[in-house]
Amino acid sequence: MSQTAALNERIASPLGRPSYLADGVTLKSWLLTTDHKRIAILYMISITVFFFLGGSAAALIRYNLIVPEGMLRSAETYDRLFTMHGVIMVWFFLVPAVPVTIGNFVLPLMIGAHDLAFPKINLLSWYLFIAGGALALYALFAGGVDTGWTFYAPLSTDYAEGNVVLLVTGIFVSGFSSIATGLNFIVTIHRLRAPGMTWYRMPIFLWSLYSTSVIMVLATPVLAITLLLLAFERIFHVGVFDPRIGGDPLLFQHMFWFYSHPAVYIMILPGLGVVSEIIPAFSGKELFGYKFVAWCSIAIAVIGFFVWGHHMFVAGQSLYASVVFSMLSYFVAVPSAIKVFNWLGTLHKGYIRFDAPMLYALGFIGLFTMGGLTGLFLAALAADVHLHDTYFVVAHFHYIMVGGMVSAYFGALHYWWPKISGRIYPDMIARAAALLMFLGFNLTFFPQFILGYLGMPRRYHSYPPEFQVLHVLSSAGATILAVAYLMPLFYLTWSLFRGAGAPANPWDAKGLEWQTPSPPFTANFAVTPVVTEGPYAYPTPGTSQPHV
Amino acid sequence: MKFSLAEASANAAETDYLIAGFVAVSAAVLAVVFGLMLFYVVRYRHNSPIDRGQIAERSFRFEVSWTAATLLIFFGLFIWGSIMYVRLYLPPSNALKIYVVAKQWMWKAEHAGGQREIDTLHVPVNKPVELVMTSQDVIHDFFVPAFRVKRDVLPGQYETLWFRADEVGTYHLFCSQLCGTGHAAMIGSVVVLSDPDYAKWLAQNGTSDTLAQDGKQLFIRYGCSGCHNDHGTVRAPSLVGLYGSPVPLSNGTTVTADDRYIRDSILQPRSRIVASYAPVMPSFQGVISEGDLLKLVAYIESLGSENPP
Amino acid sequence: MSEEIAPHVHFQYANARHQAETAISGMWLFLATEALLFGGLLLAWVVSRHWQQSSFDAGGRETVLWIGTINLALLITSSFVYSTGLGSIEGGQPRRLIQCCWITAGIGLLFLLLKFYEWHIDLSEHLFPAGPFKLHGAEAGGARLFWTFYFVATGLHAAHMTAGIGLVLWVARQARRGAYSAAWHTPVEVVGLYWSFVDMVWIVLYPMIYLVGRGA
Amino acid sequence: MNKLDRRLVFGWLGLLALAAIEFGGSYLPLPRSLRPLLLLPALAMVATVALLFMRVATGPAIVRSFAIATVFWLIILLGLGTLDPMTRAVYQVQSTELP
């Protein structure tokens with residue numbers, strides 16, 4: 001920022017304004033707030049609750065799989081556990097995670113706005129999320145559902161007991177929450193950018209939030225109508241998916257995956273954006289190939305809608321459609337490869353520091369690449385015939401979702417924690433937690449690749465004895481992973497009360513959000529800032545040593 | 001504890017080579033990514049004094065060529081995978097047909113000779129076997145890891161899966177599409193027998209009469225013979241030599257009478273009426289069970305067909 | 001940034017036109033989600049009809065054509081009337097806008113009444129897909145598929161219709177309170193977009209439900 | 001009756017005319033597989049409503065991009081969505097009565 005220091009001062013000067021945290025302490029001021037920062041905090045708390053609920057279900061699953069006949073005696077309980085793990089993690093943690101917590105908080109700050117375009121709709125989004133979550137939790141705990149998070153017909157419509165309709169309604173309601181958030185972000189990024197902030201001067205995180213929102217807005221309605229048809233068929237025992245009257249069960253899979261594959265891009269794109277923020281900040285160097293990375297986010301969002309058929313290669317889909325979807329699935333991998341290349345380009349000749357966010361980002365690059373490459377295994381038709389619905393698939397999407405998305409979420413949490421809470425977290429413990437997570441993760445999920453190749457099917461409560469060693473390894477890894485996830489909960493909460501006060505720009509990073517005090521005051525900026533240069537205006541190496 | 005999976009079918013080896021190809025290419029890409037990352041992280045850590053110098057501008061072309069190269073390699077693997085898939089998708093015409101009915105949490109197999117077995121499947125070695133599968137309730141999936149084949153079994157329609165087992169032995173059979181509580185219990189074994197053993201097994205387990213003979217009794221019991229008989233073809237078309245032959249329909253199109261068409265016409269006759277016949281045949285949906293249906297279809301096939309099995 | 005902020009302009013918009021366009025683009029994006037919601041239903045219609053063409057159309061022939069056709073004409077007219085209302089407020093005549101709003105809401109209500117009457121006819125003829133069904137034999141399966149699609153589609157459309165009438169009446173009430181003027185009438189335009197969208201949905205649903213099934 | 005009202009009235013009459021064409025078209029003896037062509041007049045009516053009543057052409061550029069994106073995504077949903085059923089050769093067993 002080449003503005004004069006005075007202007008900087010005027011932009012960020014709190015002028016005695018209280019920080020958004022201190023601006024009203026009554027419960028009403030929190031529950032009826034339209035301040036995007038407070039809504040981000042509300043979301044962060046609810047996301048954390050759902051994360052640990054889903055995580056405990058995962059722990060029970062891994063506990064059950066220690067012995068071939070299953071530690072939990074009833075397969076029914078196991079089915080309900082992995083359905084609960086799937087539903088909570090997909091719709092109540094991964095889809096909302098970064099966009100609603102970090103995105104809500106940071107987007108207006110990054111574009112120099114006071115708030116999102118429709119603040120009331122933003123609050124409505126949180127209430128829809130809580131309503132949907134409550135409904136889903138009640139359905140899952142008051143009997144649960146044993147169809148898996150995919151709800152395939154005719155199992156979900158005619159043969160499964162358990163409160164499918166209640167759970168489906170919960171997801172239906174939470175779908176509107178993500179539509180509201182997506183709509184808010186798209187209109188805000190289009191309409192409320194600070195003067196001078198052209199599209200190419202926006203940080204990459206906003207590009208990825210924009211493309212995530214495009215998917216949220218355009219894919220979620222199809223999920224809504226699919227769940228509506230499913231509920232109709234389950235209530236009236238007759239519907240378009242019912243093979244007995246000539247309906248097509250594959251129609252359900254088509255409509256479900258039309259949402260669910262773009263949904264996995266909803267989950268990963270914000271992570272790609274976060275890493276594109278953290279890597280330049282801790283390499284002290286401009287992001288390599290900004291335009292490439294920016295347009296790759298949009299490309300992932302658009303091409304992500306063409307490829308859903310690769311979930312149905314062995315499901316009875318026609319030969320012609322399978323080949324077409326398989327080919328398209330290879331094109332969707334190109335933008336992700338370009339992003340990884342550009343991150344490496346950013347590290348090249350940088351001034352790399354190893355703070356906790358950077359460790360999470362470096363872990364993300366490795367694990368996301370492994371997840372992406374194993375996805376190409378599954379996109380090949382003949383390999384998918386063998387590997388489909390085995391633990392290979394489980395390992396693939398956990399590498400991307402847990403290895404990629406969750407470490408990006410934790411990286412973002414640590415990167416913007418000083419800005420959000422105004423406190424500094426204990427650095428060494430945070431780095432230890434990051435490393436522990438990397439190790440625990442690999443021990444948990446790498447054995448599952450081998451299990452999958454050996455033919456161990458998904459969603460099995462009990463399994464042939466020859467798979468036991470790999471399952472025990474995986475369960476051991478899961479315990480380490482659980483510890484690595486609990487550590488941040490403790491030291492971040494500890495930092496809220498005892499952490500040192502955070503300066504406005506603890507990481508010497510570029511970007512408008514680091515212009516405001518930590519934590520920022522409610523209106524974000526005293527005077528709307530004018531943007532005169534790109535988002536990563538670090539001094540190019542060789543010209544001048546960036547101040548340390 | 002074993003790390004290798006038996007390669008017990010013709011396409012198993014090639015599937016393993018394809019997967020090995022992917023592992024090799026992915027390992028190379030990962031080596032580059034992890035290698036570069038570790039190298040940069042150590043060499044350019046923030047307090048290392050080495051000179052950073054100007055960033056080389058050629059990397060734009062390097063990036064495009066690197067991405068195009070990896071895409072081409074993966075595209076090669078995609079084409080190889082697709083060719084294999086087409087071969088896996090279409091069963092050879094001379095395959096031995098075995099009917100499989102999946103039911104919530106068990107597999108029922110019925111051989112042409114009338115042998116019936118639950119949760120096991122005996123097949124001859126070195127001969128293509130085609131499984132004609134349907135489900136009575138939810139979607140199941142017939143998965144034999146050792147053969148590297150799997151196919152979802154859909155209710156209300158036939159799905160075919162074929163393989164050529166080339167190693168004698170017993171292999172796991174899994175259901176790999178979630179089908180409810182007993183999903184994990186719906187496993188069995190595929191037993192590959194040498195030709196003499198297979199013949200002996202067929203003899204031992206053969207019931208008194210073959211599938212077709214069972215079908216003949218059902219053909220009479222359900223009253224089909226009343227209309228479809230050899231001498232009069234006034235009320236209903238003759239079924240002799242029907243199987244595999246083209247059938248002209250009332251709406252002008254012609255279809256080949258394969259087992260799907262026969263099963264269809266029994267369950268829902270009015271949807272495809274043979275040319276110049278009145279739609280008088282009643283529907284037998286809900287009257288004839290899947291098992292009996294297979295026997296009737298086998299009987300009609302046995303009434304002399306274009307290409308005898 | 002002009003300190004004098006026009007009325008109703010939220011503290012963060014540069015001027016009224018900026019906020020108006022933001023609200024309109026926000027509604028258009030919401031209509032995109034609604035379009036894909038009904039788009040999913042369209043896919044269900046195409047695929048179900050593909051598998052069961054003859055029996056699907058057999059179900060289609062049981063629909064009450066005259067009510068559907070009148071409803072189509074009604075909705076087109078209501079969309080036209082509301083647009084003239086919007087035109088009149090732009091010309092600064094709130095009184096004429098209020099009249100147009102009442103006419104639009106009236107037509108909408110008439111549409112709903114006709115629709116409920118049609119449902120009554122259908123239910124009395126056992127055309128609801130579950131339970132005892134009017135058609136038997138070969139056509140029953142596909143007909144049940146058609147009527148599942150019919151009740152989900154018309155139910156969803158009627159729900160949107162009710163919401164639309166509510167919004168139009170709210171606009172009428174606000175206009176009577178003098179909230180709108182030639183300078184500022186964004187909510188009128190936003191509700192107009194929503195109303196015309198609901199009309200569009202019926203325009204597409206009409207041939208799918210009433211016309212494609214009938215014929216040779 | 002200013003210029004705007006006159007355009008609206010023509011639009012309205014046009015829509016009713018298209019509806020009449022569609023209604024008449026349904027009596028043509030089209031073969032069953034071609035009957036969905038009756039949706040063409042409906043698409044024309046949708047375009048008219050969008051252009052005239054919703055003023056998609058005269059609004060800000062962002063509105064046009066959202067409208068075009070909607071049409072593009074509907075084409076993806078319906079196009080790729082019907083790719084499999086249209087090319088799937090297997091016979092769908094039409095069972096009729098619910099057991």
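## Helix H6 of chain A

Helix H6 of chain A, residues 119-141, holds 23 residues that at 1.5 Å a residue should span 33 Å, and because its end C-alpha atoms are 33 Å apart, the two values agree; the expected span is 1.5 Å times one less than the number of residues. Helices here are DSSP runs of H or I with at least four residues and strands are runs of E with at least two, numbered from the N terminus. This is a predicted model, in which local features need pLDDT of at least 70 and side-chain atom pairs count only at pLDDT 80 or more, while totals for chains, interfaces and linings use all residues. Residues are numbered from 1 along each chain as its sequence is written, and chains are lettered from A and ligands numbered from 1 in the order in which they are written.

Among the buried residues of H6(A) are Trp126(A), Phe129(A), Gly132(A) and Gly133(A), where buried means that 20 or more other C-beta atoms, placed from the backbone, lie within 10 Å of the residue's own. The buried residues of this helix pack against helices H3 (36-64), H4 (75-94), H5 (97-111) and H8 of chain A. Just after H6(A), Gly143(A) takes a positive phi of about 120 degrees.

## Where chain A touches chain C

In the contact between these two chains, 34 residues of chain A meet 29 residues of chain C, a contact being two residues whose C-beta atoms, placed from the backbone, lie within 7 Å. On the side of chain A that touches chain C, the elements giving two or more residues are helices H8 (164-191), H9 (204-236) and H10 (249-283) of chain A, and H9(A) supplies the largest share, 11 residues. By class, this side of chain A has 23 nonpolar, 8 polar and 3 charged residues, where Ala, Val, Leu, Ile, Met, Phe, Trp, Tyr, Cys and Pro count as nonpolar, Asp, Glu, Lys and Arg as charged, and the others, Gly among them, as polar.

## Strand S9 of chain B

Strand S9 of chain B, residues 169-175, is mostly covered, with 5 of its 7 residues buried. S9(B) runs antiparallel to strand S6 (residues 140-144) of chain B, joined by 2 bridges, and antiparallel to strand S10 (residues 188-193) of chain B, joined by 5 bridges; strands pair if DSSP finds at least two bridges between them. Phe142(B) has Cys175(B) in S9(B) as its bridge partner, while His172(B) stands opposite Ser189(B) in S10(B).

## Chain D

Chain D has 3 helices and 0 strands, and 34% of its 99 residues count as buried.

Note on methods: Buried ≥ 20, exposed ≤ 12 C-beta atoms within 10 Å, placed from the backbone.
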